[in-house]
Structures are given as structure tokens and as C-alpha cells.
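Here is a short briefing to read beside your structure. Have the sequence and the 3D view open as you go.

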Amino acid sequence: MSEYESLKEKLFNQKKCGWESASEEEKNKINTFGDEFIYFLNKCKTEREVVDFTKEVLQKNGFVDLREKLVLEPGDRIYYINRGKSVYIAVIGTDMLETGLNIVGAHIDSPRLDLKPNPLYEDLGFAYLKTHYYGGIKKYQWTTIPLSIHGVIVKTTGEKIKINIGEDDSDPIFTITDLLPHLAQDQMEKKLKEGISGEDLNLLIGSIPYGDEKTTEKVKLNILKILNEKYGITEKDLLSSELELVPAFKAKSLGFDKSMVAGYGQDDRVCAYAEIRAMLNITNPKKTAVCILSDKEEIGSMGNTGMESHVFDTFIAELLNKRSENRPNLLDKVFCNSRMLSADVDAGLDPIYASVSEKNNASFLGYGIGFNKYTGARGKSGASDANAEYVAEIRKLLEENGILYQIGELGKVDVGGGGTIAYILANKGVDVIDCGVPVLSMHSPYEVTSKYDIYSAYKTYEAFMK
Ligand code: MN
Ligand code: MN
């Protein structure tokens, strides 16, 4: 190496593709982890399904419901499930809680189509379900793909019926139709965002009539007859349901080299999965390790299962109570002494749409976990901006553990931006930085990530909590 080359090596922040330096052994671990993640993605297509899966995994690994514990000791592994839709997990450290927590927080809701409260109707011989989309979607992407129905219907008796249709090979699927190009002249002249309207996202669910000449809405009647026979419900029971339409196709390895994962809901279940797996490895930490799997991030984190709610504060206060540490105003102090990785996905640079990214500050697939020092949009508006001191601390951790990482921004300055749950914890006094797996086609029915980055995120969350 020439004198100049070695000086460059020393002084430049050389970004590297992780695959180039990964050993065969590492590649095997990365691929195995990627395959396990694909299994998880196919099992968990809604927040409720992630919660059920997580509960099972936690119980198998010695975690117990916080409500069953009167006293907590260092090394105890506990979890708290909030209304079946979000989870907080902790492994109690040997240090006092008031010295601060190491928190990793992801969200487990994803963009999708929800059913309206009165969804069922019949029109010209077809039965449909009306939807209201959840989160930021490009509506045209949700037509002409196989969709499955997941969720719950709760009867006035309190009986809860779990629904999951369209995943099993023997199940039917559902779809939203679109206009044939031959007759789409007007539609094709519209702006992309107006091509499909929210009120046209109606799910096709049946076409066989039931009844005699005098019966009206025969197709709707037949559908309700089927639902009544299968689930014992009437149309009115749909009023107290939460039914979500998600892509019915399976997550898979992507590419001849199988280096990537294609699948629905990777924002943010990819970080959630890496976080859960990391948490299972935490035993007897010095500082208490806490994991958050939150709901409602995609629509602003509001409500009692979203991160803006006080349920998380109550959870930490319960830890203080059960460690016999609590005293007035201690919770605020705990937060001020805590640090957090906000585990949410990053926009990966897509060469086809490179013009929206600024390449010096974009995250590349395969280059390791992507950090965003700040989020926000246009002039950092609404940003949660990590302090330089904290960024240095995290850099040290990653470099000492040999974890490849990249720090960038979500898109060009004036193009757009985004947010995560980071600001909510930062507002409580926690040191927070966003970091997660770079994604292509984010918020689409089929998102793309690199197995290298998924593994890098897992190693990061593990090192942080250890
Ligand atoms: Mn997200
Ligand atoms: Mn999102």
C-alpha cells in the first residue's frame, strides 16, 4: 500500500459492504438468522400475532408475567402485555433501577387495510368488505394482490373469536380488483395518488346468492350464513371487531444469492424480531434491560397501546415498586439516567430511485445497521436529535464489538422525512438514537431487507443491553 493509500485508510470514513469481509462462519450465522426471521414474518402478520408469538417464546425462555411477581430480584426475567397489542419486557440488572435502564424499542404494527365498522355490502351480484387503510400506503399497491384476513371479533358475551383466513394452502384468499387497461384511459391520466381512491379499496369476498325470488341481498345473506355457521356471528358482531387485511403471500429469501428477505410487515417487525432475539440472550445484566414492542406507531403512537400512552411509565413504576426502590418523582430520574436504541427501519438507497437520496448520507443494504442521528422532515422539523456525546458512546460500543454500522439521513433535505417513537422517550429525558435495518419498498405489501443488516441489528441490540 502506498503512503497516500495508507493515509487515506487511516483518515477516511470508508463505508464497506458487510458481505465482502464476512467469514464463511459468519455468513452461515447470518443466513440461519435470516431464515428464522422469515419463519417469524410468516407467523406474525399483525401486532396481536406478534404478541402471541412473543409471549410463547418468552415463556419458553424463563420470562414470567410481571403480574405474577410480588418482588423482583436481579436476574429476574419478566414481561407485561398491554391489551394483547403491545409488550414490555425486562431483565432486572444488579444495579439500582434509578441508575438508568438500557431500552430497545421497536413497533409491531404495520401499514395495512382495516375493515370499517359496517364493512359488509352487496353490489350487482358481488359481496364486498369496505376498508379504511391504516398508515401511510400507496393505495394502488394494494389492488390485485392476494389478501388474507386476520384479527378478532368480540361478542357481547366477551367471547373472542380469532380470525386468520388466507394463509393456509387450503384457505381461500381475497382481493381488491382494479380496472382493465383497455378501459382505464381516465384513470391513467390521474395523479398516481388519486388513481385508486380510499373508498374504492373494497375487498371482494363472494358471489353465490342464497334465497328465493323475494329475497334481496342474496349474496350478502349467503356470506353471513357462512360466517354464522363457521364462527357463530351475525353482522352486528362485526361492530366489535378488529379485522386487518394483509398480503397473503409468503415472505421468502430474495435473489439468486439469497442475500435478502422479501416480505410484508418488515417495518418494523424486522427490528422487533432482532430485538426479541437479542433479549433472549440477556442474563444478569448490570443495568436493567428493557424491550418495547409498541403498537400504533404507523398512525402516530396515540391511544392506550401506543407509545404516547402512560402505560409504559406505569410498567417502569411497577418495576420500581417491586424492587422496593420507589419514592416520589423517582420515575423521572430513572428516565433521565436511561439510554435507548429506537429500533425502527431506515430507508435503504434504491438505485432505481437514487434521486431522492443523498448518497453520502444514505443507508445502503448490506452495509450494516443504519443509524439516524435525527429524523424529522424539511429543516429537521419534529426531529428527535441524538446528542453527539451519546452518538460517541454508541459508536464506541459498536466499534469495540466489531459491528458494521452506517449513520445517515432519511432522504434528501427537501424531499421528505419521517418519524419514529424516539421523540416520545427523548421527551421523558432518555438519551435516544434511531437505528434499524435499511428497507427497500418501505410500507409496500412486499418490503426488501438484507440478511446482513438484520444480523447486524440483532448484534447491536444484544451488545447494547449486555
Ligand atoms: Mn417504522
Ligand atoms: Mn413505518
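Does D344 count as buried or exposed, and what is its relative accessibility? At 8% relative accessibility, D344 counts as buried (buried means under 20% relative accessible area, exposed over 50%, partly exposed in between, with a 1.4 Å probe and protein chains only). This is a predicted model, in which local features need pLDDT of at least 70, side-chain atom pairs count only at pLDDT 80 or more, and totals for chains, interfaces and linings use all residues. Residues are numbered from 1 along each chain as written, chains are lettered from A and ligands numbered from 1 in written order, and side-chain values use heavy atoms, without hydrogens and water.

**Aromatic rings**
- The whole structure holds 21 aromatic pairs (Phe, Tyr and six-membered Trp rings with centres within 6.5 Å; planes under 30 degrees apart are stacked, over 60 edge-to-face, the rest tilted).
- Y80 and Y88 are stacked, because their ring centres are 6.3 Å apart and their planes at 5°.
- Y88 counts as buried at 1% relative accessibility.
- Ring pairs also join F33, F37, F40, F53, Y273, Y455 and Y458 into a cluster.
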